[in-house]
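Visitor: I would like to understand the words used for this model. Could you take me through them?

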Amino acid sequence: MATDMSHETIARWQFAITTVYHFLFVPLTIGLSLLVAVMQTVWNRTGNVEWLRLTRFWGKLMLINFAMGIVTGIVQEFQFGMNWSDYSRFVGDVFGAPLAMEALIAFFLESTFLGLWIFGWDRLPRNVHLATIWLASLGTVISAYFILAANSWMQHPVGYRINPDTGHAELTSIWQVLTNPTQLVTFPHVLAASLLTGGAVIVGLSCWHLRRGHQVELHGRAVRLGLVVCAVASVGVMASGHFQGQVMTRQQPMKMASAEALWETERGAGLSLFAYGDVSRGENKIDIKLPRLLSFMATNSFSGTVQGVNDVQAAEAARYGPGDYSPVMGVTFWNFRAMMGLGAVYFGLAVLGLFRMRGGHLPGGRYLLPAFVWASALPYLANTAGWIFTEMGRQPWAVFGLLRTSDAVSPGVSTTAVIATLAGFTVIYGTLAAVALRLFLHHGRHEIPALSPNVTVGGRSQPGGALPSLAY
């Protein structure tokens with residue numbers, strides 16, 4: 001039994017590490033591709049070549065990130081067959097459908113039109129070339145939708161039946177899977193978080209250049225665009241997160257209760273700012289709260305009732321059989337706070353930056369520019385905390401209410417094999433991280449090249465220095 005538990009624990013660690021690593025690239029790819037499309041649209045409509053230069057500068061950085069996302073994402077699907085074969089057998093007929101649609105529809109859409117965008121600058125008509133980057137961006141969004149639909153099915157399984165002969169889940173309605181209530185609140189939340197991530201990276205790198213007096217007008221334009229996107233996206237993250245919390249409360253009451261270390265069911269429950277207690281006894285010794293705010297977040301009513309861990313545990317034990325149905329309390333509690341707190345901090349910075357930039361000024365000052373440089377990491381940390389909370393808060397379930405994580409691992413894979421592959425992935429991913437960071441910083445630190453006097457873009461001659469290539 002100890003060997004089985006060790007195998008499961010290490011397999012979970014491996015999947016968690018590779019997933020978190022992969023998701024460092026996903027939101028930036030989605031957000032940056034949309035913002036590059038916006039930059040090119042502004043140039044296309046105004047003819048201002050400074051927006052063309054920004055498009056090509058940020059487009060090159062987007063391509064570096066896109067390539068890394070593809071490489072790291074391939075490992076994800078292999079793990080379903082390697083470490084989680086019992087999971088794949090049980091849910092493959094359902095879970096595989098949106099993943100196949102992502103590969104056959106979304107990935108081919110984004111990769112095809114991204115290739116046309118890269119090599120079509122001086123070959124395609126200007127409006128056609130603009131359409132290619134929008135279609136590539138749309139592909140990243142559709143890709144995210146299908147993948148999130150698969151994950152949402154794990155959180156709230158719908159559109160399936162259990163085959164009485166095989167005991168496996170079988171798809172009965174792809175429409176229900178794609179319009180899962182969990183999916184309909186998760187997707188806008190992730191999309192808004194991706195725009196926030198893309199905007200924060202643009203603001204951070206542009207502020208790094210502004211601190212050094214590099215191309216102030218160019219990078220000032222990028223900062224203005226990035227701050228507006230960050231402020232709007234932050235509001236989108238908070239609004240979608242509010243509705244997501246309500247859906248989560250209905251579907252997975254244990255996850256909401258553990259997020260707040262709420263042990264007993266309460267009406268008009270307060271939002272915990274800090275709690276310390278005894279998990280084994282199911283009680284808090286210290287709990288600092290904002291009155292009634294949790295009830296509003298969970299039910300849209302300040303007097304709403306929120307179930308506590310102890311009551312949910314008793315209900316789920318009665319429904320599913322003996323066992324512990326609560327996740328690791330410290331992980332869910334603190335990651336929930338990290339997700340919300342880091343997002344709130346960046347929203348405050350974005351509003352402050354826009355206030356300082358009123359009247360056409362740049363965000364100056366001794367501390368604000370470096371603050372934006374370092375704050376570009378906040379959306380990444382918030383995204384990571386959010387996904388750790390989402391996945392850890394579902395435990396002990398791989399598929400909520402249907403398949404426990406302990407029953408999903410591959411029975412024929414040894415602990416030694418999982419340790420070896422975990423070590424191998426760590427080395428490979430560490431190397432890839434070094435390469436990606438070096439490439440990103442190498443190109444990001446350079447000044448934005450001007451356009452050569454005779455260069456042709458989209459069938460039109462453009463003024464200016466040397467046209468940089470987007471192809472590697």
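Guide: Gladly! Buried means under 20% relative accessible area, exposed over 50%, and partly exposed in between (1.4 Å probe, protein chains only). This is a predicted model, where local features need pLDDT of at least 70 and side-chain atom pairs count only at pLDDT 80 or more, while totals for chains, interfaces and linings use all residues. Residues are numbered from 1 along each chain as its sequence is written, and side-chain values use heavy atoms, with hydrogens and water left out.

Visitor: Why is G167 called partly exposed?

Guide: Its relative accessible area is 32%, which lies between 20% and 50%, so G167 is partly exposed.

Visitor: What is G167 in contact with, leaving aside its neighbours within four places in sequence?

Guide: Those partners are F90 and I162, where contact means heavy atoms within 4.5 Å.

Visitor: What makes a space a cavity?

Guide: On a 1 Å grid over the protein atoms alone, a cavity is a set of points where a 1.4 Å probe fits but cannot get out; lining residues have an atom within 4 Å of a point. The whole structure has one cavity of 30 Å³ or more. The largest cavity holds about 40 Å³, a volume being the space filled by probe spheres set on the points, joined across faces, edges and corners. Its lining includes Q252, E316 and W397.

Visitor: How does the lining of the largest cavity divide?

Guide: Into five nonpolar, three polar and three charged residues. Here Ala, Val, Leu, Ile, Met, Phe, Trp, Tyr, Cys and Pro count as nonpolar, Asp, Glu, Lys and Arg as charged, and the others, Gly among them, as polar.

Methods: On a 1 Å grid over the protein atoms alone, a cavity is a set of points where a 1.4 Å probe fits but cannot get out, and a pocket is an open set with protein on both sides within 12 Å along at least five of seven lines; lining residues have an atom within 4 Å of a point.
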